Amino acid sequence: MKSFLIFLTLIFSNIFVNASQTEYCTGHDACKNKVWNGEYNIYCGASNSERTCKSTTLNCGSGDDCTIKTQGSGHDAYQSSTVNAKESNSFKLTCAASGFRDCKSITIWCPQATGTICQCVGCPSTVTMKCISGISCTSVGSAKVEYVESSIVQE
C-alpha cells in the first residue's frame with residue numbers, strides 16, 4: 001500500500017509541477033498543420049530539416065510560459081503560423097535556423113496583462129507582434145509591432 005501511495009504521489013507531482021511540454025519538430029514537413037494547446041517549448045528544425053512547423057497554431061494558455069525556437073540548417077522553418085498568447089504569462093520566439101526563409105508570415109498575439117513578457121529574438125520583418133501599448137513587447141528584433149486594444153479582462 002505504501003508503495004502505491006508513493007507511486008500516486010509521483011504521478012500527481014509530475015503532472016502539476018512539470019506542466020510544460022517540449023516538442024521537437026525534426027525532419028521534412030515535421031509538425032505541419034499542428035495545433036498546440038497549453039504550455040509548450042517547441043523546437044522547429046535540425047540539420048537538413050525543411051519546412052518544419054509550417055501552418056501551425058500555438059494557444060499558450062492562461063498563466064503559461066511558452067517558447068518557439070527555430071534551429072538547424074534547413075530552409076523554411078516556421079512559416080504561415082499563429083501564436084495566441086493573450087492570456088499567458090510570457091511568450092518568446094527565437095528565429096535561429098541558418099537556412100533561408102526562417103520565420104515567415106508569423107502572427108503573435110502577445111500577452112496582454114501587466115507584468116507579462118513577449119519577446120522576438122532574431123525575428124525578421126515578416127513576423128507581426130500584436131501588442132498592448134506599454135505592456136509586454138520588450139524585445140522585438142526586426143518584427144513589425146502593431147498595437148491593439150486588449151481583449152482580456154484586467155483584474
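## Contacts around Ile 108

Two residues are said here to be in contact when heavy atoms of theirs lie within 4.5 Å. In this predicted model, and leaving aside its neighbours within four places in sequence, Ile 108 is in contact with Val 83, Phe 91, Leu 93, Cys 118, Cys 120, Val 127, Thr 128, Met 129 and Lys 130.

Some of these contacts can be followed through the pairing of strands. Strand E6, which covers residues 79–84, is joined to E8 by five bridges, and the two strands run parallel; within this pairing, Ile 108 in E8 is the bridge partner of Val 83. E8 also pairs with E10 in the parallel sense, over four bridges, and here Ile 108 stands opposite Met 129 in E10.

## The chain as a whole

Among the contacts in the protein chain with a separation of 6 or more, 50% are between residues 24 or more positions apart.

Of the 155 residues in the protein chain, 39% are buried. The accessible surface of the protein chain comes to about 8200 Å², and carbon and sulfur atoms account for 51% of that surface.

## The largest nonpolar core

Which residues touch the most other members of the largest nonpolar core? They are Phe 91, Leu 93, Ile 108 and Val 127, out of the 29 residues that make up this core. The elements that give two or more residues to the core are strand E3 (40–44), strand E5 (65–70), strand E7 (90–95), strand E8 (104–109), strand E9 (117–121) and strand E10 (127–131). Ile 108 is in contact with Phe 91, Leu 93 and Val 127, among others.

## Salt bridges between loops

Side chains of opposite charge can pair when their charged atoms come close. The structure holds five salt bridges, including one in which the side chains of Asp 29 and Arg 51 meet, with a distance of 2.7 Å from N to O. This pair links distant parts of the chain, since Asp 29 lies in the loop between strand E1 (21–25) and strand E2 (35–37), while Arg 51 lies in the loop between E3 and strand E4 (57–59), 22 residues apart. Asp 29 counts as partly exposed, at 33% relative accessibility, and Arg 51 is also partly exposed, with a relative accessible area of 28%.

Another salt bridge is formed by Asp 76 and Arg 101, whose closest N and O atoms are 2.5 Å apart. Asp 76 belongs to the loop between E5 and E6, and Arg 101 to the loop between E7 and E8, so the pair ties together parts that are 25 residues apart in sequence. Is Asp 76 buried or exposed? With a relative accessible area of 13%, Asp 76 is buried, because the limit for that class is under 20%, whereas Arg 101 is partly exposed, with a relative accessible area of 43%.

Lys 144 is partly exposed, with a relative accessible area of 44%, and Glu 146 counts as partly exposed at 24% relative accessibility.

Definitions and conventions: Residues numbered from 1 in each chain as written. Predicted model: local features only at pLDDT ≥ 70, side-chain atom pairs only at ≥ 80, totals over all residues. Heavy atoms only, no water. Core = buried A, V, L, I, M, F, W, Y, C linked by side-chain atoms within 4.5 Å. Buried < 20%, exposed > 50% of the residue type's maximum accessible area, 1.4 Å probe, protein only. Pairing = 2+ DSSP bridges. Salt bridge = Lys/Arg side-chain N within 4 Å of Asp/Glu carboxyl O. Areas by Shrake-Rupley, 256 points an atom, 1.4 Å probe, with all protein chains shown as cover.
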